[in-house]
Amino acid sequence: MNYLSTRGHPDRKRFCEILLEGLAPDGGLYLPETYPQVDAATLARWRELPYAELAFEILSLYIDDIPAADLKAISAKTYTAEVFGTDEIVPLRELEDGVYIEALSNGPTLAFKDMAMQLLGNLFEYELARRGAELNILGATSGDTGSAAEYAMRGKKGVRVFMTSPDGRMSPFQQAQMFSLQDENIHNIAITGVFDDCQDIVKAVSNDLGFKRKYRIGTVNSINWARLLAQVVYYFAGYFQATASNDKPVNFTVPSGNFGNVCAGHVARMMGLPVQTLVVATNENDVLDEFFRTGIYRVRGAADTHETSSPSMDISKASNFERFAFDLVGRDARKLRKLFVEDLGLEGRFDLSADAAFKDAAGRFGFVSSRSTHADRLATIRDTEKRFATLVDPHTADGLKAAREFLAPGVPMVVLETALPIKFAATIVEALGHEPDRPAKFEGIEALPKRVVKLPADAEAVKAYIAQNCD
Ligand SMILES: *Cc1c(COP(=O)(O)O)cnc(C)c1O
């Protein structure tokens, strides 16, 4: 399997070459040259497999530069009941007639990002050992991504994590999750500033090519193809649990921000999984909902980006959207470049409303969308507790609300649960007047000793800290 860039760069790469890379050299995103097709016999065989073996089968179609036995061992070591809480790994439960919740949030940090990040940690360790190389991961987080990355990389050989976060701005639970890690290769850096300052620092450090090379700086952001690939697996696993046979269609609803999660659903559908509709659920930051309703993709400025009660979906642009757009325009890299480089670069928007391709988004590709507000979120959390005695987190609530707008008779609707309520306790208290349950292993984590340094919002200070801590 070879990988190409959405922007038309002539080079083709193998999986392990793009594993440790971010963007393609021309600024595009990597995609496989083709989507492997899964026939009926394969689907029938996969239905019977435990999660780790299903993951191995799917990964093998996209990864041909890791020996099969090694890849199998990596999958087996990643997707265990010990790490994800159950043998099913992603158990499905019926909430009401025809509406299901697929649990993706029982990994170490209680958000679905663990599903991909845990695999990435093991792939990184494997590949770095094979190359005899080291990597220093520099990131910026306001919560879920940073903690998922740290729990995936803790104790891994050849990897250090330097994670910046805005000082005092994460929830006490999220801070405790990250800062209580005592592993020597994990460095928490609280920046006196806001999340944008952290992102600017990461950009500034990455733009210093000399420093980047000398200290082997890398990232684990959501455009990493391996993360997206890992997420394809749970669409198959959810499908098998929601149906009794492989001739039945299923719909998925996905609480969305950077479009990584739902893009994995798109990939699964392109491989031939019988998915009818993919519902993109957004919050007040509705860049994606606007596109799927109107054909206009308009990146928001900082002043137009809202801080909401489903904060992991607070985005100004959806960094993985370019992947789907590439398929939407018929994999025409010239046309893609016109949209993402010229139009977005010059005007901050592009308009496909009059383009025949736009109709394909809903038609050929099955995408629809919806948007929720804070009031919707609270109402859904209350309603779900009252009628089904089930607590959902604010992001999953956005999903549930959107899902109900697209129910189709006889077609199971699977809503992806993207986090557990305990991560967003303040909103749960606002909705219900009481705290959410806390899994036993997180009892009292706020009281644990914290390992964190505080630095000013200054890239030079962060560089000096990294240099000091890489011997
Ligand atoms: C990251 C995240 C999302 C958004 O996922 P994308 O892949 O960026 O679309 C939604 N909910 C939660 C809880 C998340 O952590």
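Colleague: How many salt bridges does a search of the whole structure find?

Modeller: The search finds 32 salt bridges, where a salt bridge is a side-chain nitrogen of Lys or Arg within 4 Å of a carboxyl oxygen of Asp or Glu. Please keep in mind that this is a predicted model, in which local features need pLDDT of at least 70 and side-chain atom pairs count only at pLDDT 80 or more, while totals for chains, interfaces and linings use all residues. Residues are numbered from 1 along each chain as its sequence is written, and side-chain values use heavy atoms, with hydrogens and water left out.

Colleague: And why would such side chains pair at all?

Modeller: Side chains of opposite charge can pair when their charged atoms come close.

Colleague: Okay, which residue does Arg160 pair with?

Modeller: Arg160 forms a salt bridge with Glu134, and their closest N and O atoms are 3.7 Å apart. This pair links distant parts of the chain, since Arg160 is in strand β6 (residues 159-166) and Glu134 is in the loop between α6 (113-131) and β5 (135-140), 26 residues apart. Helices (H or I, at least four residues) and strands (E, at least two) are DSSP runs, numbered from the N terminus.

Colleague: Is Arg160 buried or exposed?

Modeller: Arg160 is buried, with a relative accessible area of 14%, whereas Glu134 is partly exposed at 33%. Buried means under 20% relative accessible area, exposed means over 50%, and partly exposed is in between (1.4 Å probe, protein chains only).

Colleague: What about Lys335, which partner does it have?

Modeller: Lys335 forms a salt bridge with Asp355, with 3.0 Å between the closest N and O atoms. Lys335 lies in helix α15 (residues 333-347) and Asp355 in the loop between β12 (349-351) and α16 (356-362), so the pair ties together parts that are 20 residues apart in sequence. Lys335 counts as partly exposed at 28% relative accessibility, and Asp355 counts as partly exposed at 23%.

Colleague: Which residues are linked in a network?

Modeller: Asp286, Glu290, Arg298, Arg300 and Arg371 are linked in a network of salt bridges.

Colleague: Stepping back to charge, how many positive and negative side chains are there?

Modeller: The chain has 52 positive and 64 negative side chains, and the centres of the two sets lie 3 Å apart. Lys and Arg count as positive and Asp and Glu as negative, while His and the chain ends are not counted; the place of a charge is taken as NZ of Lys, CZ of Arg, CG of Asp or CD of Glu.

Colleague: New topic: what does Ser142 touch?

Modeller: Leaving aside residues up to four places away in sequence, Ser142 touches Met170, Gln174 and Phe195, contact meaning heavy atoms within 4.5 Å. Ser142 lies in the loop between β5 and α7 (144-153), and at 41% relative accessibility Ser142 counts as partly exposed.

Colleague: And the whole chain, how many helices and strands does it have?

Modeller: The chain has 20 helices and 15 strands. Its radius of gyration is 21 Å, close to the 23 Å that the globule rule gives for 471 residues, so the chain is as compact as a globular protein of that length. The radius is taken over C-alpha atoms, and the globule rule is 2.2 Å times the number of residues to the power 0.38.

Colleague: What share of the residues is buried?

Modeller: Of the 471 residues of the chain, 58% count as buried.
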